[in-house]
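Have the structure open beside you.

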Amino acid sequence: MKAVVFHGVGDIRLETVRDPKIKDPTDALIRITASAICGTDLHFVRGTLTGLEPGATLGHEAVGVIEEIGKDVRNFKVGDRVVVPSTICCGYCSYCRAGYQSQCDVTNPEGPRAGTAYYGGGMQGFDGLQAEYARIAYAAANLVKLPDGVDDDCAILLSDIFPTAYFGADLAEIRPGDTVVVFGCGPVGQFAIASAKLHDAGRVFAVDCVASRLDMARDQGAEAIDFNREDPVEVLQRMTGGIGPDRAIDAVGLDAMAPSAGPAAKEAKKQRAGFQKELKELEPEANRRGSQWRAGDAPSQVLQWAVQCLAKAGTLSIVGLYPEGRIFPIGQAMDKNLTVKAGNTPHRKYIPDLVDLVETGAVDPAEILTQTEPLTDAIEAYKAFDRREPGWIKVELRPEAKRKAA
Ligand SMILES: NC(=O)c1ccc[n+]([C@@H]2O[C@H](COP(=O)([O-])OP(=O)(O)OC[C@H]3O[C@@H](n4cnc5c(N)ncnc54)[C@H](O)[C@@H]3O)[C@@H](O)[C@H]2O)c1
Ligand SMILES: [Zn+2]
Ligand SMILES: [Zn+2]
């Protein structure tokens, strides 16, 4: 089958790889009808996130049709349309049963303290989903059946993006009427704006520097701030009567950029040495050259802005991805009595409710989808998404594989 394969920083290829097979009685085999490219995939290709061996298939977002099931999968049948949650749970450990499926004790092959298990992150047995077929472990506990009313263009955003953003809004402890600021207007940021509204936020601010992404945020009713034209901390203070937003959601992560123009660039320049130190320590293998696959230049920028702008006793929710290491401005957070919550999304906890929300028409995820490309054009699509080309916000990949003869 065809798949998007990682070969090193800045080197991904569409290749023929071995077809997956059912291994365990709890497995299902799916034919993928839609997958997608995520900001998390970009971190790997830019070299900011490490741990992926050459030869690994990328991707952790998919919708598909079940082709085969193991004997211990009792709640699905061949032919069912399903959405695949990006993180993988067993369904029976104490964490899974409590709704912390991303902290499952069982599924990470390296053991219970090795971190979240997910597809396309180089974990043994969990090949990526930017492919024509996939083996889904613990299928009964993970897969979510799709109703006919939710098509692939909507369903693909239920695999990772919408649940992550909704989790981000949950972590932010949004109460009706609260003022929320969302940093980052990529797909996660766009859904974080929608999710803040679903949590009855009174006002939502959105910060980025990409015009087409800020336009989309504004179309959703967010108050847009371009950090290359204005100082976001100053604007947020001024527009909230000096109080600051009650809640902040970081939907950017370690590839954060410092402003290159405007009033905030001056302050960022002063911090350059600090950012350089972070880059050296946290992302030694990241690509810093050219305009393609270029890592962000200021890993802690969003964390700093969020802590500075928040109202006293406010809440910071971090769903953007960060590596281990010293990066967080703990002193100021402590001094302001902030609550800080962070994590990998327990996708399976949120997906069934979000499927219902989409089916009723309360949210139309396909509005965020800007491109649908055949899997065969995946590399070019990756490049355009990485460069944040105007209008490229969320890319769906269609394998268009033929159903195999039984
Ligand atoms: N916690 C989870 O389970 C989970 C799940 C999915 C994605 N993620 C992470 O969420 C983050 C966002 O994902 P995405 O797909 O939307 O990524 P993306 O790369 O498409 O979007 C990131 C956006 O942040 C903007 N940005 C850069 N520097 C900024 C700054 N200083 N201030 C404000 N905005 C800035 C960029 O211009 C871009 O629009 C990534 O780090 C991704 O790895 C986490
Ligand atoms: Zn993703
Ligand atoms: Zn578990």
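**From a strand pair to the ligand**

Ala3 stands opposite Glu15, a residue of strand β2. Strands here are DSSP runs of E with at least two residues, helices are runs of H or I with at least four, and both are numbered from the N terminus. The model is a predicted one, in which local features need pLDDT of at least 70 and side-chain atom pairs count only at pLDDT 80 or more, while totals for chains, interfaces and linings use all residues. Residues are numbered from 1 along each chain as its sequence is written, with chains lettered from A and ligands numbered from 1 in the order in which they are written.

Now look along the strands. β1 (residues 2-8) runs antiparallel to β2, and six bridges join the two; strands count as paired if DSSP finds at least two bridges between them. Together with β4 they form an open sheet of three strands, ordered β2-β1-β4 and paired antiparallel. β2 (11-16) and β4 (56-57) are the edge strands, each pairing on one side only. Helix α14 (residues 378-386) packs on this sheet, where it touches β1 and β2, and its direction makes about 155 degrees with that of β2. For such angles, axes are lines fitted to C-alpha atoms, for helices over the stretch in contact, and the values run from 0 to 180 degrees between N-to-C directions.

Stepping back, you can see how the protein is divided: domain 1 covers 2-160 + 345-398, and domain 2 covers 162-342. These bounds come from an automatic or database domain assignment. The domain centres, taken over C-alpha atoms, are 26 Å apart. Across the boundary, 31 residues of domain 1 are in contact with 31 residues of domain 2, contact meaning C-beta atoms, placed from the backbone, within 7 Å. On the domain 1 side, α1, α13 (347-359) and α14 each supply at least two residues, and α1 gives the most, with six.

Where does ligand 1 lie? Both domain 1 and domain 2 give residues to the shell around ligand 1, so it lies between them. That shell holds 34 residues, the closest being Gly39, Gly184, Gly186, Val188 and Gly253; a residue is near if its C-beta atom, placed from the backbone, lies within 6 Å. Two or more residues come from each of α1 (39-46), α6 (187-198), β10 (203-208) and α11 (301-309). Here too, α1 gives the most, with four residues.

Note on methods
Two residues are in contact if their C-beta atoms, placed from the backbone, lie within 7 Å.
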